[in-house]
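Please consider the sequence and the model shown below. The explanation after them is meant to be read with both in view.

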Amino acid sequence: MPDAPTLVKCLIWDLDNTLWQGTLLEDPGVRLPDEIRDVIITLDARGILQSIASKNDHDLAWQRLEDLGIAEYFVHPRIGWGRKSDSVCGIADELNFAMNTIAFIDDLPSERAEVSFRAAEVRCYPAEQAASLPGRPEFRPDVVTVDARRRRQMYQASFRRDAERESFAGPDEDFLRSLELVMAIKRADEEDLSRVEELTLRTSQMNATGVHYSDAALRGLLADPGHEVLTVTLSDRFGPHGAVGVMLLEYRPGVWHLKLLATSCRVVSFGAGTVILNWLIDQAARAGVHLAADFRRTDRNRMMDIAYRFAGFAEDPCACLTSTSPASTASTASAGERDGVQCLHLAAAPRPGPTTMRLTAPDLTAGRVPVR
Ligand SMILES: [Zn+2]
């Protein structure tokens, strides 16, 4: 079976006689065909970003895009008189996307050749193929999650946030408060798990356990009363950050066992890991149980190591840890995966809520009688 094609993450449009019909400098009323407008909207809804590489007068072209009501669909547009390959490579660089995830569409063979010469991995399409792009496999992701549907808005919010952070003169904590961050922890459903798939599949900087749970393993535990699969989303006044974390917790007599905690590196600077751990510690304290947490040091999860130690987790021997049920451990991680995993421990005491964000979360203690 042939491998599925690498998906396009950003399509870069030429303007004259590609996106619109005509040459703007000769005809200020260039026309946007309905079928091209449909392509733009369709790809945007699939989470594929779009940008522009056009040799044009920047202000005139941008004004025309605004008049046509489509300017908001494009991120990092490059409109000027430089080489197309410089524009394409610059856009890929700003997005931090690999070249083989970039597509470029232009009516001029010479421009496509110039881009191909400098960036061979970029997929180039002639303008007459524009309407057929959404039907091509490289433009058709298998799953389109709620976060993918608003990926562009999330990018645009992050540009505005970064710009504000750069110009903010006060202490970091004051900047965090000015963002009006809202964290929502919730019991996961199938849709939520799709949103955190990349956190569990990829080696994340903040995957505390260093143990990887497959999407299927997590899905299999959704209905298990002995386990809790929780997802974390974050938003602020600039817009949503989307799903940024996932937790897997096992309830055992006298101790809750945190088997997986992964957060997106995008939210490390917001202290998300610490907020999540403090909430969990407070919940455990209310339930009258201790906490155990799997941890395997990797070369990429130092930040989470620090977050655990800062929260008070240590390698204490405690009677609660001997209640580890081999059967339940084996159900989610093979014996080999357990190698090198430390079990950190904490006798939980109540914690105050976060001061830098608002938190909504389920009450895990509901229906659970405190162990005395
Ligand atoms: Zn204990």
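This is a predicted model: local features need pLDDT of at least 70, side-chain atom pairs count only at pLDDT 80 or more; totals for chains, interfaces and linings use all residues.

Residues are numbered from 1 along each chain as its sequence is written.

The secondary structure of the protein chain comes to 14 helices and 12 strands; helices (H or I, at least four residues) and strands (E, at least two) are DSSP runs, numbered from the N terminus. Of the 372 residues in the protein chain, 35% count as buried. A residue is called buried if 20 or more other C-beta atoms lie within 10 Å of its own, exposed if 12 or fewer do, and partly exposed in between, with C-beta atoms placed from the backbone. Two residues are in contact if their C-beta atoms, placed from the backbone, lie within 7 Å. Among contacts in the protein chain between residues at least 6 apart in sequence, 73% join residues at least 24 apart.

Five strands form an open sheet in the order β3-β2-β1-β4-β5, with parallel pairing; two strands pair if DSSP finds at least two bridges between them. The edges are held by β3 (78–80) and β5 (123–126), and each has a single partner strand, so one side of each is left without a neighbour in the sheet. From one strand to the next, the twist averages 20°. Axes are lines fitted to C-alpha atoms, for helices over the stretch in contact, and angles run from 0 to 180 degrees between N-to-C directions.

Within this sheet, β1 (residues 10–13) pairs with β2 (residues 49–55) in the parallel sense over four bridges, and the bridge partner of I12 in β2 is S51. Helix α3 (residues 84–95) packs on the sheet, touching β1, β2, β3 and β4 (102–106), and its direction makes about 155° with that of β2.

Strand β4 is mostly covered, with five of its five residues buried. I102, F104 and D106 point one way from β4, whereas A103 and I105 point the other way. Four bridges join β4 to β1 in parallel, and W13 has I105 in β4 as its bridge partner. Strand β4 also pairs with β5 in the parallel sense over four bridges, where I105 stands opposite Y125. The chain crosses from β4 through helix α4 (residues 109–118) to β5 in a right-handed β-α-β crossover; right-handed means that, with the strands pointing away from the viewer, the path from the first strand over the helix to the second runs clockwise.

Elsewhere, β6 (residues 181–187) pairs with β12 (residues 357–360) in the parallel sense over four bridges, and M183 stands opposite L359 in β12. Six bridges join β6 to β7 (residues 227–236), and these two strands run antiparallel; here A184 stands opposite T233.

Helix α11 (residues 272–287) has 16 residues and reaches 23 Å from its first C-alpha to its last, close to the 22 Å expected at 1.5 Å a residue; the expected span is 1.5 Å times one less than the number of residues. Of the 16 residues in α11, 12 are buried, including W279 and N278. Just after α11, G288 takes a positive phi of about 70°.

Finally, P253 is found in the loop between β8 (239–252) and β9 (255–263). P253 counts as exposed because it has 9 C-beta neighbours inside 10 Å. P253 and C320 are 67 residues apart in sequence and 8.0 Å apart in space, C-alpha to C-alpha.
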